[in-house]
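Let's take a walk through this one together. Have a look at the two chains below, and then we'll start where they meet.

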Amino acid sequence: MRAAALALSLACASAVAQDADRGRLLYETQCGSCHYERVHQRPRERAKVKSLDQLRDEVYLRAGQTGRPFTREDLSDLVAYLDRSYYGFAVRPQGGHELIYGAELMTSQEREQYRRELSAAGAGGEAKVRAQHRQRMRARAKQRGVQLEDPAGTVRR
Amino acid sequence: MRRLALLIAALAFAPAVSAAGDAAKGEQLHRSCLQCHGTGVYVAPKRKLTSLAGLRKATERWADYYNPKFTQDEIADLVAYLNRDFYKFP
């Protein structure tokens, strides 16, 4: 396990900061022995993690508990993966406009509907709406034989 | 006279896209786009856009992929920025 993590670290040492795909690999190989991935799917009002800073703290803490060596890059990739997949704290970019995941596969009406759902869900429910939406779009992409780039959700060309 | 009045009315209510956008504002708004790609896509050798109208159309298409949607004014700002710094269409 340790060797695998190390090899992964070395292989990707030159990768840019915050590689969520790499975070996913680390997550799948390093985190599953203590908890299922569904711990991240708690409804937001019951979630312990309520901000990107808290998510970071939690990942650093849990990583320490494994007793295995994680580099800073490993940890930031893990945070990026979890945020992309479940929490969505970072998706509202500085410019204030968020790209809708899989937008190219949706009709204009569907996008409008999705905007309304997000705004109706409010801060507490947005993450769930986003997660469900991402799942729907991934299924749709598969059906249409296209691939979506993560985390943006644009169609791969 | 009536025709002139109509012309004036048409000009007064022309959509915002025909107004020149503010490139500086566009640059700020463009940060939302940088989440997913750099500016290299605008100067790629195989880029498909060949005119200002095409750039406007493409920007409008992407503007509707966001939440919240970009407004017509914001689209004009984005186009102004993209054209000033990258596409440079006349």
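How many residue pairs are in polar contact across the interface of chain A and chain B? The rule finds eight, with both residues at pLDDT 80 or more; a polar contact is a pair of N or O atoms within 3.5 Å, where within protein one must be able to donate a hydrogen and the other to accept it, and residues adjacent in sequence count only if both atoms are side-chain atoms. On chain A's side, helix 5 (108-144) and strand 1 (98-99) are the elements that give two or more residues (helices, H or I, of at least four residues and strands, E, of at least two are DSSP runs, numbered from the N terminus). Helix 5 of chain A gives the most, with five residues.

A word on the source: this is a predicted model, where local features need pLDDT of at least 70, side-chain atom pairs count only at pLDDT 80 or more, and totals for chains, interfaces and linings use all residues. Residues are numbered from 1 along each chain, chains are lettered from A in the order written, and side-chain values use heavy atoms, leaving out hydrogens and water.

The interface also holds three salt bridges, meaning a side-chain nitrogen of Lys or Arg within 4 Å of a carboxyl oxygen of Asp or Glu. B:Asp64 and A:Arg115 meet in a salt bridge at 3.0 Å, N to O.

Strands join in too: two bridges link strand 1 of chain A to strand 1 (residues 66-67) of chain B, running antiparallel (strands pair if DSSP finds at least two bridges between them). There, A:Glu98 stands opposite B:Asn67.
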